[in-house]
Amino acid sequence: MEIDSFPVTHPETAWLTTLVAPALTAAAVLAVVLLLRSRLALLLALLQARRAARRLPAGTHPDPALIWAPQPAPPEQLLNLALLVAFVIAVGLALIAPPALALLLGAPLAAATVWALLTLAEQRYVARLDRDLTAAVGRLSALLKASSGLRPALERVIADMQEGPLRAEWSFLLTHQGAPLSDGGIATPQQVIIALAAQSPSRRHATFLNHLGASAGQPQDVLARRCEAAYEALQTSDRRRDEIRTELAQVRYSGMAVGLAGAMMALYLAWSQWERVQIAYRSPAGPFVGVIVLGALALPIVGGALLARVDDSDY
């Protein structure tokens, strides 16, 4: 029932009674955070490791000593974002539903949000890795042509790199050389490179590592020529990608313009004829029609964004 249907002695503070349910929900979320924070962080780290394992090609089983599990987002940072989202969702639902139901509905919504945050973090990880790859390969090629060995060349390139995904993955190439394997042997540079190629989330980086791994055990001049060829191919691929992005930018802008224009027209019609909108969407078929209308308005924007994405690793 509404509070206004009852006589109250202090109407100026009666609105505080509506905050009881959100306050109870917020307290429950905070209690879970305090009690299970370390376990939740461990669970997020395990989730990232499992997502990395699913990306392995079929039939690929790296030696346990050569497993690389990148963390696109630090577990603590991801946990803080996830808990903030869960808190906002639970409190928001508590305004329209009982606290128990708000917590029950908020759990899957928070899990879906965490999954989306992980996917976004992985995409940013790959984008940063691809962005730094061409320049790093060019410097590596120059050092190899100057008669520097593969390991000294990698050490010099890594020393000049900023902190990021590419430095972390190339550091893996150095730190795991000579690691004891499960069969009793030690990891050779070629084995480490091939293992990282199978586990790197970037297809462009994996392609380069496969080229590098195939020539790691060959003479110095062969290794230098293959690395130089990979650098030239990466430059060509980058130029082709930039050209395609320029051409497809019009597709993205057109989709956004059409989608936003439709959304603005729908908002204006809803504002000017609100009574009719309420009558129309209160019918049994109203929610289904609303979903269709929202999908139609969002489709040009989504289509433009997807069509403008370029993934060129064919070098």
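Close-up 1. Leu-166 is buried, with a relative accessible area of 2%, where buried means under 20% relative accessible area, exposed means over 50% and partly exposed lies in between, for a 1.4 Å probe and protein chains only. The structure is a predicted model, in which local features need pLDDT of at least 70 and side-chain atom pairs count only at pLDDT 80 or more, while totals for chains, interfaces and linings use all residues. Residues are numbered from 1 along each chain as its sequence is written, and side-chain values use heavy atoms, with hydrogens and water left out. Leu-166 is found in helix 5; helices are DSSP runs of H or I with at least four residues, strands are runs of E with at least two, and both are numbered from the N terminus. Not counting residues up to four places away in sequence, Leu-166 touches Leu-129, Asp-132, Leu-133, Ala-136, Met-161 and His-205, a contact being heavy atoms within 4.5 Å. From C-alpha to C-alpha, Leu-166 and Arg-128 are 7.9 Å apart in space, although 38 residues apart in sequence.

**Close-up 2. Helix 5 beside helix 7.** The axes of helix 5 (residues 165–175) and helix 7 (residues 203–215) come within 13 Å and cross at roughly 25°; axes are lines fitted to C-alpha atoms, for helices over the stretch in contact, and angles run from 0 to 180 degrees between N-to-C directions. Leu-166, Glu-169, Trp-170 and Leu-173 of helix 5 make the contact with His-205, Phe-208 and Leu-209 of helix 7. Sorted by class, this contact of helix 5 with helix 7 has five nonpolar, one polar and one charged residues, where Ala, Val, Leu, Ile, Met, Phe, Trp, Tyr, Cys and Pro count as nonpolar, Asp, Glu, Lys and Arg as charged, and the others, Gly among them, as polar.

**Close-up 3. Helix 5 beside helix 6.** Helix 5 and helix 6 (residues 189–199) pack at an angle of about 150°, with their axes 9 Å apart. That angle makes helix 5 roughly antiparallel to helix 6, and the crossing of helix 5 and helix 6 is right-handed. Here Glu-169, Phe-172 and Leu-173 in helix 5 meet Val-192, Ile-193 and Leu-196 in helix 6, a contact with five nonpolar, no polar and one charged residues.

**Close-up 4. Salt bridges.** A salt bridge is a side-chain nitrogen of Lys or Arg within 4 Å of a carboxyl oxygen of Asp or Glu, and by this rule the count comes to seven salt bridges. The side chains of Asp-160 and Arg-139 meet in one of them, at 2.7 Å from N to O. Asp-160 lies in helix 4 (residues 150–160) and Arg-139 in helix 3 (residues 99–145), so this pair ties together parts that are 21 residues apart in sequence. Asp-160 counts as exposed at 53% relative accessibility, and Arg-139 as partly exposed at 34%. Glu-155 and Arg-151 also form a salt bridge, with the closest N and O atoms 3.4 Å apart.

Technical notes. Angles under 35 degrees count as roughly parallel, over 145 as roughly antiparallel, 65 to 115 as roughly perpendicular and the rest as oblique. A crossing is left-handed if the near helix is turned anticlockwise from the far one by less than a right angle, and right-handed if clockwise.
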